[in-house]
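Subject: Structure handover

Hello,

Here is the structure I promised to pass on. Please open it and keep it beside this email as you read.

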Amino acid sequence: MGYSSGIVTLLAINCIASLGVSLFTGFTGIYTLGHAGYMVIGAYTAAILTVQFHLHFVLAIIAGGLLAMICAYLIGLPTLKLVGDYYTIASLGLGEAIRLIIENWESVTRGARGYPGIDNYTTLPVVLAFFLVMTFGMFYLVNSRYGRAFKACRDDYVAASLLGFNTARCRVLSLAISGFYCGVAGALLAGFISFIQPVMFDMAKSTELVSVVVLGGLGSMSGCLIGTAILTLVTEIFRPISKYRMLIYGLVLVLVMILRPEGLMGTNELTPDYLKKHFGLGKKTAKEGK
């Protein structure tokens, strides 16, 4: 795989993970610092299934996503009774707990030494196929009645409960779906780099996922994808000056937050109407041309 293809593959993987975090943080309104824990579950599940049990990689990727989804659901049942910053703190501890369990379960995961020998199954066509299907599915979800329920929970949790929304169920469902997306992204990442370690999925990775969502705009899937693209490309472009790369990464975030506090897209989606309104793109109608 060439350098350019590798960048596109990595970008698509990051986009899948950020879509999941955007659903939970941007559309349900719950900040999280532990979603890298679901990525590590997906990565190790796919790695073990393909290396030790010789399962087809597509089934292994889906299995990684499903196991992460189940774990997210079980974690969400007791923890999502917490609100505000309390859940954010809890998610940080849970994400680190998942990583440490995998790091110390040496008989299965090889511990901190990492898991080598993973088949390089994440080719560009494979990752693009997963990206397109899962992006379409996410846009469909946020525009469905479930998406409206998630937004109601975000805008006013108490009012949504009074209007008849099962807010507790909505929050757990949102976490489970976001866990599935992160699990699939982790499984694809394992097949891309062919070697994984628990340290790759630490708090810094969770913070990065939240950062791209905030950068793109809370409540905008298009913004989430744009933010992921910008920060992924910034990270790669400045890789030769690795000492200052994260400084530039942070500078980009700070500048966007100063100039666009609501994020690049706010709550808008990148629709033809939006492009026409802000950039003058699109054909004028006969009525507008008069």
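The lining of the second largest pocket divides into 14 nonpolar residues, two polar and no charged. In this count Ala, Val, Leu, Ile, Met, Phe, Trp, Tyr, Cys and Pro are nonpolar, Asp, Glu, Lys and Arg are charged, and the others, Gly among them, are polar. The volume of this second largest pocket is about 310 Å³. Of its 16 lining residues, Ile41, Thr45, Leu67, Ile102 and Trp105 are the closest to its centre. Helix 2 (36-51), helix 3 (57-79), helix 4 and helix 5 (106-109) each give two or more residues to that lining.

You are looking at a predicted model, in which local features need pLDDT of at least 70, side-chain atom pairs count only at pLDDT 80 or more, and totals for chains, interfaces and linings use all residues. Residues are numbered from 1 along each chain as its sequence is written, and side-chain values use heavy atoms, with hydrogens and water left out.

Some terms next. Helices (H or I, at least four residues) and strands (E, at least two) are DSSP runs, numbered from the N terminus. Pockets and cavities come from a 1 Å grid over the protein atoms alone. A cavity is a set of points where a 1.4 Å probe fits but cannot get out. A pocket is an open set with protein on both sides within 12 Å along at least five of seven lines. Lining residues have an atom within 4 Å of a point. Grid points are joined across faces, edges and corners, and a volume is the space filled by probe spheres set on the points.

The largest pocket

This pocket holds about 600 Å³ of space. It has 24 lining residues, and the closest to its centre are Leu10, Lys205, Glu208, Thr235 and Arg239. Which helix gives the most to the lining of the largest pocket? Helix 10 does, with seven residues. Helix 1 (3-27), helix 9 (167-193), helix 10, helix 11 (221-237) and helix 12 (242-259) each supply at least two. By class, the lining of the largest pocket has 12 nonpolar, seven polar and five charged residues.

Salt bridges

A salt bridge here is a side-chain nitrogen of Lys or Arg within 4 Å of a carboxyl oxygen of Asp or Glu. By that rule there are five. For accessibility, buried means under 20% relative accessible area, exposed over 50%, and partly exposed in between (1.4 Å probe, protein chains only).

Go back to Lys205 and Glu208, both among the residues closest to the centre of the largest pocket. They form a salt bridge, with the closest N and O atoms 3.6 Å apart. Lys205 is buried at 13% relative accessibility, while Glu208 is partly exposed at 27%. Elsewhere, salt bridges that share partners join Glu96, Arg99 and Glu103 into one network.

Arg99 is buried at 11%. Glu96 is partly exposed at 22%.

Arg154 and Asp155 also form a salt bridge, at 3.1 Å, N to O. Arg154 is partly exposed at 28%, and Asp155 is exposed at 55%.

Cavities

The whole structure has two cavities of 30 Å³ or more. The largest cavity has a volume of about 40 Å³. The classes are five nonpolar, four polar and two charged.

The second largest cavity holds about 30 Å³. Its lining includes Thr32, Tyr38 and Tyr87. Helix 4 again gives the largest share, with four residues. Three of the lining residues are nonpolar, four are polar and none is charged.

Cysteines

How many disulfides are there? The search finds zero, where a disulfide is a pair of cysteine sulfur atoms within 2.5 Å. For Cys15, the nearest cysteine sulfur is that of Cys224, 6.9 Å away. Cys15 is buried at 5%. For Cys170, the nearest is that of Cys153, at 4.4 Å. Cys170 is buried too, at 8%.

Best wishes
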